[in-house]
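Colleague: I am new to this structure. Could you walk me through how to read it, one feature at a time?

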Amino acid sequence: MYKRLLNLMIHPQTGWEIFETEYIKIQKLILNFLIPFSLMASLISVLRLYFIGIKYKTTEITTFNLQFSVLYGFVEFAALVFGLILSIELIYKTFSAFKYKFPKHILYNIIICSSIPALLGELFFINIRLSSLSIIFQFYTLVLIYNGFNKLLKYLGEKLITLFVIALIIIIFIFTFIFGILNTVLLNNIN
């Protein structure tokens, strides 16, 4: 299972081919990929907030106490897992409303497997100078989603680009909304 994911990361054009015949069950995707990688990203946030700090309300770097850092990490973990599952479900329901039917597990495979680079990109936040490199990993996630759509949903034909854009809008909206609330509520109420 992890070899398949590694092959996908290294070969984004051809890595999806194995998924055409051997998909990963939704429960395994969540338990073996989404939860551990989301946990890793959240732990990095805890380390960053407590040890390294962030630029918050000033141009100087601010660190936070351990209790707040752990609370933020816990909420971020729940938001990552909930947000990704909610995004997938909304994408599936939207596609179904447009009469595009396909097995739900295909969408779970595409979105969760493609999201791993974005979650791994959190590693760059350990060093403030390297934190902007995480954007490259987030863009790579978009490439993987597009390639996954192209390979596993190619039978949708010319509507594929439109459906890809709709999926991106849903994902961006959900995560902007969830993390906007997370940052507003937690960071503005720490005093």
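Modeller: Let us begin with one term. A contact means heavy atoms within 4.5 Å. With that in hand, take the contacts in the protein between residues at least 6 apart in sequence: 69% of them join residues at least 24 apart. Keep in mind that this is a predicted model.

Colleague: How many helices and strands does the protein have?

Modeller: There are 7 helices and 2 strands. Along the sequence they follow the pattern α-α-α-β-β-α-α-α-α. The radius of gyration is 18 Å, close to the 16 Å that the globule rule gives for 191 residues, so the protein is as compact as a globular protein of that length.

Colleague: What box do the C-alpha atoms fill?

Modeller: Roughly 55 × 35 × 30 Å, taken along the principal axes. The accessible surface comes to about 10500 Å². Carbon and sulfur atoms account for 68% of that surface.

Colleague: How do I read burial, and what share of the residues count as buried?

Modeller: Buried means under 20% relative accessible area, and exposed means over 50%. Between those limits a residue is partly exposed. Here 45% of the 191 residues count as buried.

Colleague: How far apart are glycine 148 and threonine 94?

Modeller: In sequence, 54 residues. In space, 18 Å from C-alpha to C-alpha.

Colleague: Now salt bridges. How do I read one, and how many does the structure hold?

Modeller: Look for a side-chain nitrogen of Lys or Arg within 4 Å of a carboxyl oxygen of Asp or Glu. The structure holds 5 salt bridges. One of them pairs lysine 151 with glutamate 17, with the closest N and O atoms 3.9 Å apart.

Colleague: Which parts does the pair of lysine 151 and glutamate 17 tie together?

Modeller: Lysine 151 is in helix α6 and glutamate 17 is in helix α2 (residues 17-21), so the pair ties together parts that are 134 residues apart in sequence. Lysine 151 counts as partly exposed because its relative accessibility is 21%. Glutamate 17 is also partly exposed, at 39%.

Colleague: What does lysine 154 meet in a salt bridge?

Modeller: Glutamate 20, at 3.1 Å from N to O. Lysine 154 lies in the loop between α6 and α7 (160-188), while glutamate 20 is in helix α2, so this pair ties together parts that are 134 residues apart in sequence. Lysine 154 is partly exposed at 46% relative accessibility. Glutamate 20 is partly exposed too, with a relative accessible area of 40%.

Colleague: Which residue forms a salt bridge with arginine 48?

Modeller: Glutamate 122 does, at 3.7 Å from N to O. Glutamate 122 lies in the loop between α5 (104-120) and α6, and arginine 48 in helix α3, so the pair ties together parts that are 74 residues apart in sequence. Glutamate 122 is buried, with a relative accessible area of 14%. Arginine 48 counts as buried at 13%.

Colleague: What about a buried charge with no salt bridge? Where is glutamate 76 found?

Modeller: In helix α4. Glutamate 76 is buried yet has no salt bridge. For glutamate 76, the nearest side chain of opposite charge is arginine 48, 5.2 Å away. The reasoning needs the cut-off: a salt bridge asks for 4 Å or less. Not counting residues up to four places away in sequence, glutamate 76 touches Ala41, Ser42, Ser45, Phe179 and Leu182.

Colleague: Which helix gives the most to the nonpolar patch?

Modeller: Helix α3, with 3 residues. Leucine 47 is found in helix α3. Leucine 47 is partly exposed, because its relative accessible area is 38%.

Note on methods:
Residues are numbered from 1 along each chain as its sequence is written. This is a predicted model: local features need pLDDT of at least 70, side-chain atom pairs count only at pLDDT 80 or more; totals for chains, interfaces and linings use all residues. Side-chain values use heavy atoms; hydrogens and water are left out. Helices (H or I, at least four residues) and strands (E, at least two) are DSSP runs, numbered from the N terminus. Buried means under 20% relative accessible area, exposed over 50%, partly exposed in between (1.4 Å probe, protein chains only). Lys and Arg count as positive and Asp and Glu as negative; His and the chain ends are not counted. The radius of gyration is taken over C-alpha atoms; the globule rule is 2.2 Å times the number of residues to the power 0.38. Accessible areas come from the Shrake-Rupley method with a 1.4 Å probe; for residues, only the protein chains shown count as cover.
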